[in-house]
Structures are given as structure tokens and as C-alpha cells.
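Work through the exercises below with the sequence and the structure at hand. Try each task before reading its solution.

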Amino acid sequence: MIRVLIVDDHELLRAGLRRRLMDEPGIAVVGEADSAERAVLMARKLQPDLILLDLLLPRKSGADVIPELADVAPDAKVLVVSSQAAPSSVRRALSAGASGYLP
């Protein structure tokens, strides 16, 4: 079972991702967070296998929180899912430690 944490400040997007992933066998959404700070707390507590992370979060960007997520949940892979498709955004996220990037 792949345990997923969804991190996005838009409730509608989180709900859509959660609903879509619930239909997939072998995937369980174990938590959701609406900010970088909450993502760190949830990742520490839940130890997910995969973190779906938006870059545009309030107060602290997704790219800035990637190293913290790696510290608190070292086995989790971070996959950035963002509307930001600029090459600089992709490079920044991958340089911070993201395993992949989906614009």
C-alpha cells in the first residue's frame, strides 16, 4: 500500500486529488495539509511513502519545505504538483530534493 500525504492550500484541489487516488488500488491517502508548516507536522506523524506537494503555499513555499520534509520523513518521496511550469521553478524544486515534478 502506498501511503500518500497531499499538501495544497486549495481545498478543492486536495479533494479532487483525494477522490481520484481513492479509486486506485494500492493507494491510501493518509492525510492532507494546507500549509508547509502543517505538512511537516503531518509528515512527521504519518510517515507517508509519497508527498504530493504544491509550490505555492501561504507563508512558506513548497520548495523551501522540501528539505524539512526529507528530515522528518526520510523514506518519503516528494512529487511536486504545481501550476508553476517555469524551468526555474522545476530546477528549484528538484535541487531542493523533490523526486519529480508535474506541472
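**Exercise 1: A serine in a loop**

Ser82 has a relative accessible area of 4% and is therefore buried. The model is a predicted one.

Task: Find where Ser82 is located and which residues Ser82 contacts beyond its neighbours within four places in sequence.

Solution. 
1. Ser82 belongs to the loop that links strand 4 (77–81) to helix 4 (87–96).
2. The cut-off for buried is under 20% relative accessible area, and Ser82 has 4%, so Ser82 counts as buried.
3. With neighbours within four places left out, the contacts of Ser82 are Asp54, Leu55, Tyr101, Leu102 and Pro103.
4. The side chain of Ser82 also reaches the backbone nitrogen of Gln84, at 3.0 Å.

**Exercise 2: An arginine in a helix**

Task: Decide whether Arg14 is buried or exposed, and name the side chain with which the side chain of Arg14 makes a polar contact.

Solution. 
1. Arg14 is part of helix 1 (residues 11–22).
2. The relative accessible area of Arg14 is 11%, so Arg14 is buried.
3. The side chain of Arg14 makes a polar contact with that of Glu32, at 3.1 Å.
4. Glu32 is also among the contacts of Arg14 beyond four places in sequence; the others are Ile6, Asp8, Asp9, Ala33 and Asp34.

**Exercise 3: An alanine in a loop**

Task: State how far Ala98 is from Glu32 in sequence and in space, and list what Ala98 contacts beyond four places in sequence.

Solution. 
1. Ala98 sits in the loop between helix 4 and strand 5 (100–102).
2. Its relative accessibility is 9%, so Ala98 counts as buried.
3. Ala98 and Glu32 are separated by 66 residues in sequence and by 18 Å in space, C-alpha to C-alpha.
4. Beyond four places in sequence, Ala98 is in contact with Ile66, Val78, Val80 and Ala93.

**Exercise 4: The whole chain**

Task: Give the order of the elements in the protein chain, and compare its radius of gyration with that of a compact globule.

Solution. 
1. The protein chain has 4 helices and 5 strands. Starting at the N terminus, they run β-α-β-α-β-α-β-α-β.
2. A compact globule with 103 residues would have a radius of gyration near 13 Å; the protein chain has 12 Å, so the value agrees.
3. Of the 103 residues, 39% count as buried.
4. Among contacts between residues at least 6 apart in sequence, 62% join residues at least 24 apart.
5. The protein chain carries 13 positive and 14 negative charges, and their mean positions are 1 Å apart.

Methods:
Residues are numbered from 1 along each chain as its sequence is written. This is a predicted model: local features need pLDDT of at least 70, side-chain atom pairs count only at pLDDT 80 or more; totals for chains, interfaces and linings use all residues. Side-chain values use heavy atoms; hydrogens and water are left out. Helices (H or I, at least four residues) and strands (E, at least two) are DSSP runs, numbered from the N terminus. The radius of gyration is taken over C-alpha atoms; the globule rule is 2.2 Å times the number of residues to the power 0.38. Buried means under 20% relative accessible area, exposed over 50%, partly exposed in between (1.4 Å probe, protein chains only). Contact means heavy atoms within 4.5 Å. Lys and Arg count as positive and Asp and Glu as negative; His and the chain ends are not counted. The place of a charge is taken as NZ of Lys, CZ of Arg, CG of Asp or CD of Glu. A polar contact is a pair of N or O atoms within 3.5 Å; within protein, one must be able to donate a hydrogen and the other to accept it, and residues adjacent in sequence count only if both atoms are side-chain atoms.
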